Amino acid sequence: MAPVKDIFKQAVGEIKNLTPTQKIIAGVLVAGVLGAMIFLSTLGGKTDYNVLFSGLSAEDAGSVIAKLKEQRIEYQLSESGSAILVPAANVYETRLNLAAEGLPRGGGVGFELFDKTNLGTTDFVQKLNYQRAVQGELARTIRQFKQVRDARVHVATPKESVFVEDSKPPSASVSLTMAGQEKLAKEQIMAIVHLVASAVPGLTSENITIVDTQGRLLFRKEGDEASMLSATQLEYQMKVENGLRSKVESMLEEVVGTSKALARVTVDMDFNKVDVTEENFDPDGQVVRSEQLLLEQEGGSDAGGGIPGVKGELATFTETGGAGDKTEGLRKRNITRNYEIARKTRHVQESVGTIKRLSVAVMVDGVYEEGKGQDGKKTLVYKPRSAEELAHFAKMTQNAIGFDPERGDKVEVVAMPFYLSAVVEPEADPIEKWRGLLEHLAVPVVLLLVAIAFLFFVVRPFLRMLSNQQLETQRQAEMATKTTAAPGGGEEPEDLSLLPLGMTDKEKIYKLAQSDPERAADLVRRWLREEM
C-alpha cells in the first residue's frame, strides 16, 4: 500500500485535474456529508431527561436543587418549578442518594426539628416544636394518597387544667388539595380521620374536620347528621339515576348503534326511616289456659231424679215419685276457666332510600339514507323510526328499569334526528393514511440517501483514483525493471495495453493524452504505421 504522503499528493493532483464544475459538485457533496454527520452527532448526543421528583413544594424543590448542585448533577425544571428532571441514566441513583439524606421531606417540618438540640430551649418552645413536628408528619403521611397533592394539618391542644370539669379535649382540622379532579372515597376519608385521631393523645374522631381547598366539607362531627345525611342521600340518588341510565343506553345502543341513544332518569327517593310494630289478636283462636272447679253442698241428701238442666218444679220431677221429695239444704257449684287468645306481633323497619317513582325520557336517533345533493356531494337523509319500533324500545326500557305502574312510573321514548349524525364525514385523504409513516421514516430515509450519495460520489471516485495511481506506479516500475533487464540495454517495445485496467479505451486514451502528450502522440503514430 502506498504511503499516506503519496496518497495525499495523488489526491491533491486529482483535485487539480478536475474541471470547475466537478470541483463545485464535489464541494457540495462534501459539505452535505459533513452537515449530515454533524446533525447525526448532535441528535445522538442529546441528553434524555426523566422526572426525578414531581409535585414538590418550594421548600423541597430548593433543598433538592441545592443537593444536585453540590453533587454536580445536571437538572432541568418543569411544571413551574414543582418538577425536577435529571439525565435518564442518573434518575434512580440520584433518587436513592437523596432519600438517604431525607429528601424530599414532603413539605413542612417533621421530627427532624429535634435532630439538633439546643440547651437554651424552654419547655414551651419544646412543646410547640413537638406539635409542629406531629402536624408535619401527619401532613406527609396524608400526602401519600395518590388523590392528594398537598395537605395541611392543624392541631389545637387546650391548656391542661387541674379541674376535670374545666378540661377540654383537643381538636384537629385537615385541609386537602386534591390532584386535578380526583376525589377521596368515604373509606379513605375515614382512614384519614382515624389516622389523625390515633396520632394525637385524647383526640377523637368527633373533634376532627376535613375540608378541601375548593370549600367542600368532607368530614364533620357526627352530631351534624342532618347535613351529612343530605349529602349522602344526594350522592346515593345520583348513583341510582346513573346506574339506570347506563342500563337503558347500553341496551338500546346494541340495537340503534353507538351514540345513537340518550336516556335521562329522574328518581324520586324516600329517605324516611319507618319503624312499625304490629300486634294482632285472633278471637277465634281461643285455647283453655287454666280451669278451676269448686263444688259445695250443705244438709240432706241430694234428691235424685228430675230433668237435668231444667229449672223449677220440672227439675225435681220423677216418674215414680210424682212431685218428688224435696230435700232441704245448700248446694253451690263454681267453675273458673282462663283462655289464651292467639296473638301475633310483627316488627317492621323499612329500608331507607326506597324508590317512590321513576321518570325516564329516552331519545333515539333515526335511520339515515345516503343521497346526493344538487352540487353532487354526498348527503344523508333522515328517516324516522316506526311507531312499532318505538313501542318495542319503550317495552325494553320498562323491563330494564323495573317499571311499576302502581308506583306511578313514567317512560317516554321518542325518535329525533341527532345533530352530528346528519353531518357527512369527509372522505379520508389517501395521503393522510401514510402521513404518519412517512413522517416517521423521513429522517432515516434522508440519512440513508445522504450516506449512499457519499459512497457513490465521494468514496467510490476517491478509491478509484487511488487504485489508478497505484496501478500506474506499478506499471512504470515494471517497465523500468524490464528496460534494465533487457540484453544489450535495448528498449522494450511500448506496452500498448493502456494500463491501468478497469477503464474503457476512450478513458485510457484521454488519461494518457493529459498525463503524457508526447507519449500519446507517439502511440498514435505507431497505430497509424501498423494500419498502413
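The side chains of K67 and E70 meet in a salt bridge, with N and O 3.7 Å apart. A salt bridge here is a side-chain nitrogen of Lys or Arg within 4 Å of a carboxyl oxygen of Asp or Glu. Both residues lie in helix α3, three residues apart, which is about one turn of the helix. Helices are DSSP runs of H or I with at least four residues, strands are runs of E with at least two, and both are numbered from the N terminus. K67 counts as partly exposed because its relative accessibility is 25%. E70 reaches 60% and so counts as exposed. Buried means under 20% relative accessible area, exposed over 50%, and partly exposed in between, with a 1.4 Å probe and protein chains only.

This is a predicted model: local features need pLDDT of at least 70, side-chain atom pairs count only at pLDDT 80 or more, and totals for chains, interfaces and linings use all residues. Residues are numbered from 1 along each chain as its sequence is written, and side-chain values use heavy atoms, with hydrogens and water left out.

The structure holds ten salt bridges. Side chains of opposite charge can pair when their charged atoms come close. Take D150 and R143, whose side chains meet at 3.1 Å, N to O. D150 is partly exposed, at 33% relative accessible area. R143 is buried, at 18%. R385 and E389 form another salt bridge, with their closest N and O atoms 3.7 Å apart. R385 is buried, with a relative accessible area of 15%. E389 counts as partly exposed, at 31%.

Now turn to helix α4, residues 91-100. V91, T94 and L98 are buried there. They fall on the same side of α4 because they cover an arc of only 75 degrees around the axis. That arc is taken from the directions running from the helix axis to the C-beta atoms. The face turned away from the buried side carries exposed residues: Y92, E93, L96 and A100. What lies over the buried residues? The cover includes β1 (49-53), α3 (58-70) and β3 (83-87). Contact means heavy atoms within 4.5 Å. After α4 comes G102, with a positive phi near 80 degrees.

Next come the strands. Two strands pair if DSSP finds at least two bridges between them. Strand β8 (residues 261-270) pairs with strand β11 (residues 354-364) in the antiparallel sense, over ten bridges. V267 stands opposite L358 in β11. β11 also pairs with strand β14 (residues 410-415), in the parallel sense and over six bridges. Here V364 stands opposite A415 in β14. In a regular strand the side chains alternate between the two faces of the sheet.

Finish with the nonpolar surface. W434, L437, L438, L441, V445, L448, L449, I452, L455, F456 and F457 make a nonpolar patch of about 1,100 Å². Patches are made of residues with over 30% relative accessible area and no salt bridge; like charges are joined within 9 Å, and nonpolar side chains (Val, Leu, Ile, Met, Phe, Trp, Tyr) within 5 Å. Accessible areas come from the Shrake-Rupley method with a 1.4 Å probe, and for residues only the protein chains shown count as cover. One member, F457, sits in helix α9 (residues 430-485). F457 is exposed, at 56% relative accessible area.
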